[in-house]
Amino acid sequence: MRVLLIIPAYNEQQALGGLLSEIQALPRTDGVQLEALVVDDGSSDRTAEVAQAAGARVLRLCRNLGIGGAVQSGLRLAYRENFDAAVQIDGDGQHPPSELHSLLAPVREPNAPDLIVGTRYRSKENFRSTLLRRLGSWWLRVILRVLARVRVSDPTSGYRVYGPRALRLFDETYPYDFPEPESLAIAKAAGLKVSEVPVTMRERQGGTSSIAGFSTIYYMFKVTIAVALTYMRALRWKAKTDDSRSD
Amino acid sequence: MIQGVTDKYWLFGAACLLIALILMRLLFRERITLQGSMSFLGFLMLLGLMAIAPTTTQRIANQLGFTLMSNFFFCTAIAALAILHLRALITLSRVHLRTIALTQELAILQEKLERSLPAREEPRSSDTRAS
């Protein structure tokens, strides 16, 4: 099974080297062939050089597209090069590569899910995020359950596995505003099977989060509208696709 | 009283003409596209005509229920600006999405090219050695 590790990175020269070394040091699993791809999202530091020196494939985006655009670049490449699955893993070192085994385990099972989300809220060993962030995550869970009927305990997690059907879907359409929760709504509307796996996550190894303090509340307001719109749009898109296939 | 107010609108017409001239100059220098600025030119022309033909404008304003012609001017300008803004927003969003797709394609092609170049160069160097 060929698996592409998509690492979106924006000015992550400090954390990236360590992350790529960890990936290289992973014990080989039978039948799994891992390839690391760093998507340099228009960084102004040496992110691309660090990635290249560590032996990773590098996609250099000539301008900053944000996390959604960067991840979709990797998903597009995975789809076009016929990878069996793609794993999204943050370039800031929050997602330990040692958890890849747990994340990839369901992909090899029969009737495998199309999208697997690594959740930090089901493992007791995880670090505790801020109260506002946990509150925001709770609100997103409610919104996704009510609007899109998706049951995921960590909707903002960027540690995910995309199966072949998800790769095909997200090659065509991927959200750019709030990609993590919105992509769950899209996947559900398109009839993909979404599941989750408990994983351990670390605190960021470098940089700062763009969502902090009271901006979380504004973020939640925007994301609620975005999820509702995305779900409706995806339903319409699926109906159109089904119609064109039946013709 | 209304006629007294409308007499002063020539200044507004002159301002519209001035903006239209600036727009034409930008078009001439290819700083903006004709396709994109047609609606703006149309809007300026409409406001200019309203200013230079106040009697007709006043008649239309009265028929639409406006007692003061300045209110009619104000409403027309706001509505036209809202339409122009919406049109600009649609164009901008289209360009933004297209730019994202192009940036991604460019990065994928560049990576493919960089990966294929060393592979191509290798046989060439061995050819040189053999000769």
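This is a predicted model: local features need pLDDT of at least 70, side-chain atom pairs count only at pLDDT 80 or more; totals for chains, interfaces and linings use all residues.
Local features are reported at pLDDT of at least 70 and side-chain atom pairs only at pLDDT 80 or more, whereas totals for chains, interfaces and linings use all residues. Residues are numbered from 1 along each chain as its sequence is written, and chains are lettered from A, with ligands numbered from 1, in the order in which they are written.

Chain A contains an open sheet of 7 strands in the order β3-β2-β1-β4-β6-β5-β7, with mixed pairing. Helices (H or I, at least four residues) and strands (E, at least two) are taken as DSSP runs numbered from the N terminus, and two strands pair if DSSP finds at least two bridges between them. The edges of this sheet are formed by β3 (57–60) and β7 (194–198) of chain A, each of which pairs on one side only. From one strand to the next the twist averages 25°, where axes are lines fitted to C-alpha atoms, for helices over the stretch in contact, and angles run from 0 to 180 degrees between N-to-C directions. Helix α3(A) packs on the sheet and touches β1 (2–9), β2 (33–40), β3, β4 and β6 of chain A, its direction making about 160° with that of β1(A); contact here requires that the C-beta atoms of two residues, placed from the backbone, lie within 7 Å.

Strand β4(A) pairs with β1(A) in the parallel sense over 4 bridges, and in this pairing A:V3 stands opposite A:A85 of β4(A). With β6(A), by contrast, β4(A) runs antiparallel and is joined by 3 bridges; A:Q88 has A:R160 of β6(A) as its bridge partner, and A:A86 is partnered by A:Y162 of β6(A). Both faces of β4(A) are covered, with A:A85 and A:V87 buried on one side and A:A86 and A:Q88 buried on the other. A residue is counted as buried if 20 or more other C-beta atoms lie within 10 Å of its own, as exposed if 12 or fewer do, and as partly exposed in between, with C-beta atoms placed from the backbone.

Once neighbours within four places in sequence are set aside, A:V87 is in contact with A:V3, A:L5, A:I6, A:L100, A:L103 and A:V161.

In helix α6 (residues 164–172) of chain A, the buried residues are A:A166, A:L167, A:L169 and A:F170. Seen down the axis of α6(A), these fall within an arc of 165°, and therefore line one face of the helix; the arc is that of the directions from the helix axis to the C-beta atoms. Their cover includes α3 (66–80), β4 (85–88), β5 (115–119), β6 (160–162) and α7 (179–189) of chain A. Helix α7(A) is itself mostly covered, 11 of its 11 residues being buried, and α7(A) is followed by A:G191, whose phi is positive, near 85°.

Several loop positions of chain A can be described individually. A:V107, in the loop between α4 (100–104) and β5 of chain A, is buried, with 20 other C-beta atoms within 10 Å. Beyond neighbours within four places in sequence, A:V107 is in contact with A:A85, A:A112, A:I116, A:V161 and A:G163. Most residues other than glycine have a negative phi.

Chain B has 5 helices and 0 strands, and 11% of its 131 residues count as buried. Among contacts in chain B with a separation of 6 or more, 67% are accounted for by residues 24 or more positions apart. The contact between the chains takes 8 residues from chain B and 14 residues from chain A.
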